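Below I keep what I looked up, in the order in which I looked.

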Amino acid sequence: MRHLQIALWGVLPYLVLVLFVAGSVWRYRYDRFGMTTRSSQLHESRLLRVAGPLFHYGLLFVIAGHVVGLLVPERLTEDMHITESLYRANALVVGGLAGVAAVLGLALLLWRRLRVRAIRQAGVRGDRLVYPVLATVLLAGVAATLLGSRAGSYDYRLGVSVWFRSLFELEPDVPAMAGAPLLFQAHTLLGIVLFALWPFSRLVHAFGVPLGYLVRPYVVYRSRATLADRNGTR
Amino acid sequence: MRVMAQIAMVMNLDKCIGCHTCSVTCKQTWTNRSGTEYVWFNNVETRPGQGYPRGYEDQDRWKGGWRLRGGRLVPRSGGRVRRLARLFANPELPMLDDYYQPWTYDYENLTNAPLGDDVPTAAPRSLIDGSPASITWGPNWDDDLGGGPEHLAGDPVLRRVSQEVRLEYERSFMFYLPRICEHCLNPSCVAVCPSGAMYKRLEDGIVLVDQDRCRGWRMCVSGCPYKKVYFNHHSGKAEKCTLCYPRIEAGEPTVCSETCVGRLRYLGVMLYDADRVGEAAATAREEDLYPAQLDCFLSPDDPEVVAAAEAAGIPHDWISAARSSPVNALITRYRVALPLHPEYRTMPMVWYVPPLSPVVDALAGTGHDGEDADNLFGAIDALRIPLEYLAGLFTAGDTVPVERALCRLAAMRSHMRALNLGEEPDPAIAADVGMRPTDIEEMYRLLALAKYDERYVIPTAYASGAGHADATGGCSLDVPGGPGMSEEVFAGLGTSMGAAAEAFHASPLPAGGDDRRRGRFNLFGWDGRGRPDGLFPPRRGEAG
């Protein structure tokens, strides 16, 4: 049992991190053409116009919540005079809403994908693996948020978060994670799997987030000469 | 003054017979792949008519092009923040139904159907999901005004023309409008691309999509008011008319021009002042946009312009090509070519000589002499229907430039008829339209005789000018990993067409040899299945 815990919480995260970084580099170098949203809006738009933003915006808030929950130590919020109950209420309301939005959006998107024949056929093989993982990790996360909001229940900021931060100190605190309830462990493990799948699935499109657009001039000019150089040396 | 060169096109609509040869050859060349079944980089639509995709000119609905907000140009669909906020679903994206659901026929059934009393049929099948299809719309459903007045009601240009015009269906007129990408000076598709994958080429102004940088956000599809950027639903990337740049670079006309039966397309260089484009596109009154764009163009005969062009690095043969450019002659010298929908503020660079034929036909129908100058001038003025409609297409509603162009074409008819009949042409005809008889004869040579070498004046400057050492490499699609058809594909043409088609869709990677391409897989031709050789780097110890 102890060996399994070490393998899961002490070794696996690093393996997946290497896979994630190396896989992304490989994808960028060898398959830039394949990095796309693979949008199916051309086939169906009415559902997507609701479900797409619902899922993605929900997910953005969920990610923001994870950043706060995992990286900010409990001491810091206490110093800022944010009481435990206030923190938990906030996590429940904002996190819960964001999580439910993401789950609802994903459910609509999956239903749409299964219902509309053209979209179902447009899917690629990797999707069949990614969608179940994504759905379970979301459901487990929402469940953990809702259950973890009761007073006196497991405080992940003293367990999971400590383990997460210890990963970056290259001294993984395996017991901190091993002591977490099964729901949190399942959510974390599936999250790790998601990162392993990331570079090799359509999830890579998240790397394409076009923030540069905000500061770019509207019309882009490029020279044929520079293009030829780039292709020649690549 | 910042001089830039642009390869531009002019189409003489009087000569278009609506044969769709340009569309078909273009499709065979560029979009005969899965994911682009519905895509026509070149299409020919009957006007009045809805066009392709249906009603694309209705910018209240599609939000393509630019608009003025407090004197500043912003994409009609909103600025940068608004665009990023709508990244996850593009509310203005046309659906496949707005183009058409592509289909094929179940030909196998003709040979495989069991023996029975009925003759087997080839039933239509959707090219998207293979299910039985009911065909309700196609890329040219209202060709030749087919389908009647109810389809005409969907023409956004006709809707803006007065009520009485719309009711006179029996007396209606029609002409064909071939359309490709406009390769605009102020392209709104480029402006709305969040990834920066779309760009305008500095050397020749061709607007292209970098397939490696496109992430499939689909903003360009709705941002283009002409709906000439398409989404490949198989690869998840935007694709558009390339002005056949591999051919242009080699000094050859585009496929649509080369194969045009009516010989109505003209290709040539235009010089323009890039510093003036933004200001011109922001002209307040829409009717002033056409003259504003004319002001952007620079005369290659002006020594000042030539000096500035050479300072800007434009090769000498490009400047001399601009001097003999048929496009420049039709746009700025004779002023018979007009831009398509200047009111979109994109400064389009595919211009049209408006058709005089509907006027001549109407005149001849009433028993008058359709080639008499006075008759024609009078008819152009009296026949408000074609004039207002053409103005809605080409000058944002201002009938004066359209009338001037049509009168010049009418004067050309009368003048040349007199010459051909051995009569002395009346110099007043030319004077009426502000031209000299020699101008008219030169214009006649360009428009009517339309010699190949005079229609297409395309400099092959890349090899000779600007000092690009690598320009000797020939076709720019042929870079390692590029989407070009390599020699191996052409080799396939010799054996059989089937093999060639297969080679085009499959990996053009040679089985062995050619070190340059080792370890590369051409994803442009990938069908998305399996694990092709060359997608991954070779294993250690594995023979390459």
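Which residues of helix H14 (residues 289-296) of chain B are buried? I found Leu289(B), Tyr290(B), Ala292(B), Gln293(B) and Cys296(B), where buried means 20 or more other C-beta atoms within 10 Å of a residue's own, exposed means 12 or fewer, partly exposed is in between, and C-beta atoms are placed from the backbone. These residues lie on the same side of H14(B), because they cover an arc of only 160° around the axis, the arc being that of the directions from the helix axis to the C-beta atoms.

For the record, this is a predicted model, in which local features need pLDDT of at least 70 and side-chain atom pairs count only at pLDDT 80 or more, while totals for chains, interfaces and linings use all residues. Residues are numbered from 1 along each chain as its sequence is written, and chains are lettered from A and ligands numbered from 1 in the order in which they are written.

Helices (H or I, at least four residues) and strands (E, at least two) are DSSP runs numbered from the N terminus. I then listed what the buried residues of H14(B) pack against, and noted strand S12 (265-273), helix H13 (274-281), strand S13 (297-298), strand S14 (338-339) and helix H21 (399-420) of chain B.

Next I turned to the contact between the chains, which takes 42 residues from chain A and 45 residues from chain B, contact meaning C-beta atoms, placed from the backbone, within 7 Å. On the side of chain A that touches chain B, the elements that each supply at least two residues are helix H2 (46-71), helix H5 (117-122), strand S1 (221-222) and helix H10 (224-233). I also saw that S1(A) runs parallel to strand S8 (residues 198-201) of chain B, joined to S8(B) by two bridges, and that Tyr221(A) stands opposite Lys200(B) there; strands count as paired if DSSP finds at least two bridges between them.

Last, I checked the UniProt annotation "binding site", from an unreviewed entry, which covers His66(A) and His187(A); such annotations may be inferred rather than shown by experiment. Although spread over 122 residues of sequence, the two cluster in space, with a largest C-alpha distance of 12.3 Å. I placed His66(A) in helix H2 of chain A, where it is partly exposed, with 15 other C-beta atoms within 10 Å. His187(A), in helix H9 (residues 182-197) of chain A, counts as buried because it has 24 C-beta neighbours inside 10 Å. Leaving aside neighbours within four places in sequence, I found His187(A) in contact with Val137(A), Ala140(A), Gly141(A) and Ala144(A).

Methods: Two residues are in contact if their C-beta atoms, placed from the backbone, lie within 7 Å.
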